[in-house]
Amino acid sequence: MTQQSIDRREYNITAYTENQVGLLNRIAIIFSRRKINIESLNTSPSEVEGIHRFNIVVVETEEVVRKIARQIEKQVEVLKVYFNPNEDVIWQEMALYKVPTDIIAERALVERLLREHGARAVVIRKDYTVFETTGHREETDKLLAVLQPYGLIEFVRSARIAIIKDSQGFHHKLREFERTEPSPEVSENDYLNSRDKVFTM
């Protein structure tokens with residue numbers, strides 16, 4: 001086993017971007033060219049109106065992830081990119097499980113197991129019931145394994161959402177930049193050329 005394979009770990013890449021068509025494809029190409037598998041990818045609005053947030057999970061070395069972050073940041077629509085190991089973020093994933101309703105009704109054990117894993121019913125029908133639970137991947141995987149012997153019909157898990165523990169937020173960085181370098185005119189991308197010295201968390 002090489003030292004590089006030993007140093008590989010799970011990293012969360014957070015990118016603040018403008019919401020532009022085609023950006024997701026260009027970001028995906030950065031990973032495919034390096035033959036790096038994306039474990040999870042989520043996009044959502046951020047705390048700043050008009051700015052979107054990507055959360056990308058990969059298993060790689062810090063050196064490789066740093067290079068990827070720099071490549072993503074070179075995209076015109078990307079404002080800033082951060083990367084953090086799991087211990088530096090608060091993260092969750094949601095999972096849905098569809099199971100036969102009659103199994104749950106007939107077996108108190110299944111109902112107890114669902115409660116123990118914090119699952120709640122979101123849809124109840126005569127033929128099936130859908131349960132939802134939120135947690136880390138190992139937690140949703142445990143419930144998956146528990147339900148497999150009881151006629152699990154369907155299972156799906158969401159992409160990861162994550163918040164950086166020690167970050168004051170992108171909105172704070174924008175306000176800080178406006179205070180230190182006010183612009184005589186309002187310009188949507190006024191801060192882009194100075195982002196390296198401004199957007200550090």
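Lysine 35 is exposed, because its relative accessible area is 78% and the cut-off for exposed is over 50%. Select this residue to begin. The model you are viewing is a predicted one. Lysine 35 sits in the loop that connects helix 2 (23-33) with strand 2 (40-45). Look at its backbone as well: the phi angle of lysine 35 is positive, about 60°, although the residue is not a glycine. Most residues other than glycine have a negative phi.

**The whole chain**

Zoom out and colour by secondary structure. The protein contains 8 helices and 9 strands. It has 201 residues, and 41% of them count as buried. If you display contacts with a separation of 6 or more, 78% of them are between residues 24 or more positions apart.

**Isoleucine 30 and helix 2**

Go back to helix 2 and select isoleucine 30, which lies in this helix. Is isoleucine 30 buried or exposed? Its relative accessibility is 10%, so isoleucine 30 counts as buried, the cut-off being under 20%. Now show the side chains around it. Leaving aside residues up to four places away in sequence, isoleucine 30 touches Ile68, Gln71, Ile72 and Gln75. For a distance to check in the viewer, take the C-alpha atoms of isoleucine 30 and alanine 69: they are 9.7 Å apart, while the two residues are 39 apart along the chain.

**Helix 2 against helix 3**

Select helix 2 and helix 3 together. Their axes come within 10 Å of each other and cross at roughly 150°. That angle makes helix 2 roughly antiparallel to helix 3, because angles over 145 degrees count that way. The crossing of helix 2 and helix 3 is right-handed. Which residues of helix 2 and helix 3 meet? On the helix 2 side they are Ile27, Ile30 and Phe31, and on the helix 3 side Ile68, Gln71 and Ile72. By type, the residues of this contact divide into 5 nonpolar, 1 polar and no charged.

Strands of a sheet pair through backbone hydrogen bonds, either parallel or antiparallel. Within this sheet, start with strand 2 and strand 3 (residues 51-60), an antiparallel pair with 6 bridges. Strand 2 and strand 3 form a hairpin with 5 residues between them. In the turn, select glycine 50, which has a positive phi of about 85°.

Stay on strand 3 and look at its other partner. Strand 1 and strand 3 are also antiparallel, and 10 bridges link them. Glutamate 10 has valine 59 in strand 3 as its bridge partner. Now show the surface over strand 3. How many of the 10 residues of strand 3 are buried? The count is 8, so strand 3 is mostly covered, given that buried means under 20% relative accessible area.

**Strand 5 and its partners**

Strand 5 and strand 7 (residues 128-135) run antiparallel and are joined by 8 bridges. In this pair, select leucine 96, which stands opposite glutamate 132 in strand 7.

Then move to strand 8 (residues 154-157), which pairs with strand 5 over 4 bridges in the antiparallel sense. Here lysine 98 stands opposite glutamate 154 in strand 8.

Finish at strand 9 (residues 161-164). Strand 9 and strand 5 run antiparallel, with 4 bridges between them. Select valine 89 and look across to strand 9, where isoleucine 164 stands opposite.

Notes: Residues are numbered from 1 along each chain as its sequence is written. This is a predicted model: local features need pLDDT of at least 70, side-chain atom pairs count only at pLDDT 80 or more; totals for chains, interfaces and linings use all residues. Side-chain values use heavy atoms; hydrogens and water are left out. Two strands pair if DSSP finds at least two bridges between them. Helices (H or I, at least four residues) and strands (E, at least two) are DSSP runs, numbered from the N terminus. Buried means under 20% relative accessible area, exposed over 50%, partly exposed in between (1.4 Å probe, protein chains only). Axes are lines fitted to C-alpha atoms, for helices over the stretch in contact, and angles run from 0 to 180 degrees between N-to-C directions. Angles under 35 degrees count as roughly parallel, over 145 as roughly antiparallel, 65 to 115 as roughly perpendicular and the rest as oblique. A crossing is left-handed if the near helix is turned anticlockwise from the far one by less than a right angle, and right-handed if clockwise. Contact means heavy atoms within 4.5 Å. Ala, Val, Leu, Ile, Met, Phe, Trp, Tyr, Cys and Pro count as nonpolar, Asp, Glu, Lys and Arg as charged, and the others, Gly among them, as polar.
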